[in-house]
Amino acid sequence: MADEAWRKRLEDALKRSGRSKREISMKAGKGAGYVHSILSEGKDPTIESLIAVCRELNVSLTWIVYGFEISPATEQLLSLIEQNPEDRAAVLQILQKREKA
């Protein structure tokens, strides 16, 4: 991830949680120093591992990565259309038509 601001948001979420890096790492199913390696050593997490850490911190992946929230319904919609390129193209076409109207 090119934008390093996500690490600051992750660190802030960790501080707000009042939990240790070690505890979050272990609860996320990773090694004891995993979160430390992300925050202090610059290791890039896999998306699956970052999702697990976010779940433990009770913060959305969207917030950590991009710095904004999306609703659960929007997140579900994005997930569903991402699974099927034909549906994605159809939804995009509908939205583009509405935008022009």
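**Charges and fold**

Student: How many positive and negative side chains does the protein have, and how far apart do the centres of the two sets lie?
Tutor: This is a predicted model. The protein has 16 positive and 15 negative side chains. The centres of these two sets are separated by 3 Å.

Student: Which residues are linked with E4 in a network of salt bridges?
Tutor: The count for the protein is six salt bridges. The network that includes E4 links it with R7 and D44.

Student: Why are D12 and K8 separated by about one helical turn?
Tutor: The side chains of D12 and K8 meet in a salt bridge at 2.8 Å, N to O. Both residues belong to helix α1 (residues 5–17). The separation is about one helical turn because they are four residues apart.

Student: How many residues apart are R19 and E56?
Tutor: R19 and E56 form a salt bridge, with the closest N and O atoms 3.2 Å apart. R19 is in the loop between α1 and α2 (21–27), whereas E56 is in helix α4 (residues 47–57). The pair therefore links distant parts of the chain, at a separation of 37 residues.

Student: What radius of gyration does the protein have?
Tutor: A compact globule of 101 residues would come near 13 Å. The protein has 17 Å.

Notes
Residues numbered from 1 in each chain as written. Predicted model: local features only at pLDDT ≥ 70, side-chain atom pairs only at ≥ 80, totals over all residues. Heavy atoms only, no water. Rg over C-alpha atoms; globule rule 2.2 N^0.38 Å. Lys, Arg positive; Asp, Glu negative; His and termini not counted. Charge placed at Lys NZ, Arg CZ, Asp CG, Glu CD. Salt bridge = Lys/Arg side-chain N within 4 Å of Asp/Glu carboxyl O. Helix = DSSP H or I, 4+ residues; strand = E, 2+ residues; numbered from the N terminus.
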